[in-house]
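Open the structure in your viewer and keep the selection panel at hand. The stops below say what to select next and what is there.

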Amino acid sequence: METSLRLKTSFLSSPKPSRSSLSRLRLATPTLAMAAHSSASASLLSADPRRRDEVLSASLASVSNCLSETHLDQTVPGLRSKTRGKVRDVYEGDNYLVLVTTDRQSAFDRVLASIPFKGQVLNETSLWWFDKTRHITPNAVISSPDRNVTIAKRCSVFPVEFVVRGFVTGSTDTSLWTVYNEGVRNYCGNALPEGMVKNQKLPTNILTPTTKAVDHDVPVTPHEIIEMGLMTKDEYDEVSQKALDLFAFGQKVALEHGLLLVDTKYEFGKATDGTIMLIDEVHTPDSSRYWIANSYEERFSSGLEPENVDKEFLRLWFKNNCNPYEDKVLPEAPVELVCELAWRYIFLFETITHSKFELPGSEEPIHERISRNVKEAILHI
């Protein structure tokens, strides 16, 4: 159930955020979203305060103009059968799919809020990684006619999410730390050693698949995947190796840029010619957990939470302020956290890709821009 984000009047009193509202953001976000930084190392997240202020200001001005819903089936001839996911809206064409990444923020199997620029960040981050991982696996990307849109090949999607983990951490019901803390020592076919603590690095990366259930992902073993007919053994063996190879490559690239890729999920499909392809998204801050590398060891030794560059702090805020699995109505995400998350997503994109994220202008409504660009693109498919 999507919660509307109604903001305090003081934050929306003018088209551009006032200096005082931006100052409150600067002061509030460290308190709400960041644990105290280690005195021994400067945080990458605050290494460029001018850029951070620029993004916070733009985010604050755009909170009420997020892309929360799309209706391309009504504005683009030839598109039909909209499927609304937690974050992406998927439209069917003749032999292709149009995937629109919205600004919806999901966790705990529901939508929590909308985050400025999030859809663009996720789409552009995935496109970068899709290009960099072609040596490991082919992918379904055809083109990207808009900042928020990927046009992809049709394929038969395996009903399994391949979750790869390098650390014992997390806060959701299916996270590794949650089940480990409850005493589970064999999870999805992986034997877990005794004596581990939260946020500790695993001896080796592990695969913890889940079935793609409608309401809630269900952990499953490789044997169960094959026994239930979700994949053949050959398909599972190929995909599981691709997932582990993708994760190892992602960890290597992330570390080169001062980050730890902690865990992630992958989805795969099979083309009509039998080729297994990577689909959906790859190594985004939505599908992945990232920590700042240079402060991890000291913070872990001190019993502090790692500096995260993902939505974990927003998950924790909801978990501390409600029951996000059972409450019908959730509290509104504080605007400070919404803008901080927008900054972290953009920070991650810029850190990984070594390129500057282009903050979109507000001259043209986002949905109109997307409709125009998709119309033009499908004429040439």
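Start by selecting Thr-169, Gly-170, Lys-198, Asn-199, Arg-289, Trp-291, Glu-305, Pro-306, Asn-308 and Glu-312, which line the largest cavity. A cavity is a set of points on a 1 Å grid over the protein atoms alone where a 1.4 Å probe fits but cannot get out, and lining residues have an atom within 4 Å of a point. The model is predicted, so local features need pLDDT of at least 70 and side-chain atom pairs count only at pLDDT 80 or more, while totals for chains, interfaces and linings use all residues. Residues are numbered from 1 along each chain as its sequence is written, and side-chain values use heavy atoms, with hydrogens and water left out.

The largest cavity holds about 50 Å³ of space, a volume being the space filled by probe spheres set on grid points joined across faces, edges and corners. The count is 1 cavity of 30 Å³ or more. Its lining divides into 2 nonpolar, 4 polar and 4 charged residues. Here Ala, Val, Leu, Ile, Met, Phe, Trp, Tyr, Cys and Pro count as nonpolar, Asp, Glu, Lys and Arg as charged, and the others, Gly among them, as polar.

Next, select the nonpolar core. Which residues have the most contacts inside the largest nonpolar core? They are Phe-162, Leu-259, Tyr-266, Phe-268, Tyr-290 and Phe-318, in a core of 66 residues. Helix H10 (residues 335-353) gives the largest share of this core, 13 residues. Such a core is a set of buried Ala, Val, Leu, Ile, Met, Phe, Trp, Tyr and Cys residues joined through side-chain atoms within 4.5 Å; buried means under 20% relative accessible area with a 1.4 Å probe, protein chains only. Helices (H or I, at least four residues) and strands (E, at least two) are DSSP runs, numbered from the N terminus.

Now go to two loops. Most residues other than glycine have a negative phi. Cys-188 has a positive phi of about 55° and lies in the loop between strand E10 (186-187) and strand E11 (190-191). His-283 also has a positive phi of about 55°, and is found in the loop between strand E16 (276-279) and strand E17 (288-292). His-283 is buried, at 0% relative accessible area.

How values were computed: On a 1 Å grid over the protein atoms alone, a cavity is a set of points where a 1.4 Å probe fits but cannot get out, and a pocket is an open set with protein on both sides within 12 Å along at least five of seven lines; lining residues have an atom within 4 Å of a point. Buried means under 20% relative accessible area, exposed over 50%, partly exposed in between (1.4 Å probe, protein chains only).
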